[in-house]
Amino acid sequence: MDVGIVSYGAYVPRYRITPQEIGRVWGSDGEMMSKGLMIYSKSVPAPDEDVITISVEAARNMMRRVPEVDPQDIGALYVGSESHPYAVKPSGTIVAEAIGCSPNMTVADYEFACKAGTAAIQTCMGLVGAGMVRYGVAIGADTSQGAPGDPLEYSASAGGAAFLIGSKDVIAVINHTCSFTTDTPDFWRREGQDYPSHGGRFTGEPAYFKHVASAAKLVLKRAGSKPSDYAHAVFHQPNGKFPQRVAKMLGFTDKQIEVGLLTPKIGNTYSGAVPLGLSAVLDVAQPGERVFVVAYGSGAGADGFDITITDNITRLRRLAAPLVSHYIEDRQVIDYATYAKFRGKIRLKGGSA
Amino acid sequence: MRDVAIIGIGSTKFGELWDMSFRDLGMQAGLSAVADAKLAAEDIDALYVGNMSAGRFIEQEHVAALIADYSGLARDHVPATRIEAAGASGGLAFREGYLAVASGMHDIVVVGGAEKMTDVADVMATEIQSSAADQQWEVVFGATLASLFAMIARRHMHEFGTTREQIAQVAVKNHRHGALNPIAQYQKEIDLATVLRAPPVAEPLGVFDCAPLSDGAAAVVLCAMDRARSYTSKPVRIAASAQASDTLALHSRTQITTFNATKVAAEKAFRQADRTPEQVQLAEVHDNFTIAEILAIEDLGLFPKGQGGRATMDGETALGGKVAVNTSGGLKARGFPFGATGVAQLVELVQQLRGEAGKRQVPDASLALAQNAGGTGATVVVSLLEVA
Amino acid sequence: MATARFWRDNPSRYNLKAVRCGNCGKVFFPPRAVCSVCHRKSIGKMECMSLKGEGELISFSVVHDAPSQFEIHKPYVVAIVRMDEGVMLTSQLIDVDPKEVRIGMRVRTTLRKVGEDGPAGVIYYGYKFAPVRA
């Protein structure tokens, strides 16, 4: 049985802020931060957007592309995020209701820093492969925050993508998936804290690079493949530079990662990052092409995937929902004051929503 | 059904009455109406009180008994009933009192309307006002009562070519009238530029397109016509009282530029009185927002649909015009204590029909109309009064 | 605690659940048990359906005096929209510059946060309008 992706949908909020604007407020050299991180703008959610609304929009886009799929045939739904609006109460139940797949199903929220969405894909693959469900929905979405003035503030952004995992009419077969996981505290957020903390340069070599490279090598070995076999590669992208560097280390070219590298334009969407990069690839992918994917989550782990695009992609109603490029181009740049208001960084009297 | 007359009127001043409580307001208006009718406590068969939201404004329900109590009627155990229909509460209380007397159940009833609105913050007061709209399907989604009327205004402009200036002229005219009314909250004229330049509340409407937040109470005494002359030499006959309802949510109607409840209530009232809109000399209409007066004068049949703005701009609704509308200053200038408004309209009309309206007197006034609306016109009461 | 009061309406807030009168075809949103045209003839014949979520803007206002729950959005656009099924809805119009809003423009619904019971309370989600961009 070929288990893989039956449909997909993406969503990115339309507001953007530039590193130059953030730097202006904190007296930092925004231009230098922008070049250093290779981030030219980051997405900002509107005050009425959160992981649930982003997940719903992405999941609805996913369903728009497969009107022939009965939502009631979806047996599982997982939302992976590090910024679920509730500490207790699932995001997924609302998403499930909103796409009409409840109540005879299972739902759970996942958290594994930036790789909770790919962990959800792996879970759905298992359920579909075992015949426990016909379809599973895996979503990665975040409205991540960096503390005001923290370097993270230049990158932490919002967006998400949803995948319908099944075994019938798959547009992309997931041939192999391998994970590499250790206990490495490079980035965390304690219960009740508004903003995450990180280990600075500790997030690089022992964390991102070690885990991504290890998972990538496991996949190449399992698949018996080499970097040049792939038309596209998507790596987790906390900034624009890390994925370029890890690609080079592994033998992938800039050309291979070009389509799936979105962070320079929308920032680091955390759990949404690799799912959005993969969505951008699926927007343009041709039958027979192979796609290499490695997601990374702090804490730490990496999930690697070896994917082959099938002929079915030519029959998928790709244009029934907005392409990732639409969301990237439909943008409105805001200033820091508006950003601070939208992100709840201004203390209000009474409620807000 | 027997004829019913208004034999007494009373009102507090309208405005920010910091030293007066809700019970003070109700008591003062009631006692002055009773004094005007020269009644004794034992003459009163029943009390009806129009009040929209004492529960949220002063955290007090059960306000009809409260007002009876503080008006000195506790030992007489007078039946006291509170009526609620948002901004139409007062007009509706009047109608209930009218029905009680007309039916023969009671001979003399006192109808009061009262609202104490300045004991809460302005934002809270406008939130309470918005609860007259559909809480679950309008307000939850960000609509305020002002924004609903703003949407009516914009659509009216779109469909009929009504101009922003014509809408603003309603406020200019009502402030001019209010300047002549000693109980009005605003006794100061304003010019068109002031209305147009005012800070926006819900575009296209600005601060001067909205009736203010006010405290106030008003009361009238109703009596069977055959007994009226033993109390007053100038009884005013209730020629008609009609009421209609519509969908609670504005969007549930087929269009938003006509209040069908106003149309239906007006048609019923004119039929009951055997009168026509052309015979109306003056009218108090529910101008909680400027655009509401334009809708009202059209839907009552005083002007053709779409001509309300033009008629206002041409002075046809001002004192001395074809039909004097809101000689009291309307909700805009007299003030808008929600539950008091419908009764205050009648107080103004009785003064006019008695020839006691002073500088704002409409000469030879003999037939007058009141239109009192709740929310976006989901409840409308239309009354016709005439010199007996 | 308004939790149950909102939860009860979630099918219509999330998925635009409506009813169509089986007698005359008139659509009602939110669902109701009786048709205002057919009255008794409609009882038991109100058929469940979902609005498709697209429509035309009938009127709008830019709100500056906002309830406390909407403070952070102001100024915001509120609109009445005639859905393609004929029924009208009221909600915020988002992702738009107020200066670009026109009567007659095409809009579609999207799910957003509409409110919350304070910072520790339940979050309410529901439809808002967004412009249909070509």
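Reader: In which sense do strand β9 of chain B and β10(B) pair, and over how many bridges?
Author: Keeping in mind that this is a predicted model, β9, which covers residues 282-284 of chain B, pairs with β10(B) in the parallel sense, over two bridges.

Reader: And what is the bridge partner of Ala283(B) in β10(B)?
Author: The partner of Ala283(B) there is Val325(B).

Reader: What sheet do these strands sit in, and what is its order?
Author: They belong to an open sheet of ten strands with mixed pairing, and its order in chain B is β3-β2-β4-β7-β1-β8-β12-β11-β9-β10. The edges are formed by β3 (80-83) and β10 (324-325) of chain B, each of which pairs on one side only.

Reader: Switching to chain C, how many helices and strands does it have?
Author: Chain C has two helices and eight strands, and along the sequence the pattern runs α-α-β-β-β-β-β-β-β-β.

Reader: What share of chain C is buried?
Author: Of the 134 residues in chain C, 55% are buried, while the accessible surface of the chain comes to about 6,000 Å², with 53% of that belonging to carbon and sulfur atoms.

Reader: Last one: what confidence does the predictor give?
Author: For chain C the mean pLDDT is 95, with 99% of its residues reaching 70 or more, and for the complex the predictor gives an ipTM of 0.97 and a pTM of 0.96.

Note on methods:
Residues are numbered from 1 along each chain as its sequence is written. Chains are lettered from A and ligands numbered from 1 in the order in which they are written. This is a predicted model: local features need pLDDT of at least 70, side-chain atom pairs count only at pLDDT 80 or more; totals for chains, interfaces and linings use all residues. Side-chain values use heavy atoms; hydrogens and water are left out. Helices (H or I, at least four residues) and strands (E, at least two) are DSSP runs, numbered from the N terminus. Buried means under 20% relative accessible area, exposed over 50%, partly exposed in between (1.4 Å probe, protein chains only). Accessible areas come from the Shrake-Rupley method with a 1.4 Å probe; for residues, only the protein chains shown count as cover. pLDDT is the predictor's confidence in each residue, from 0 to 100. Two strands pair if DSSP finds at least two bridges between them.
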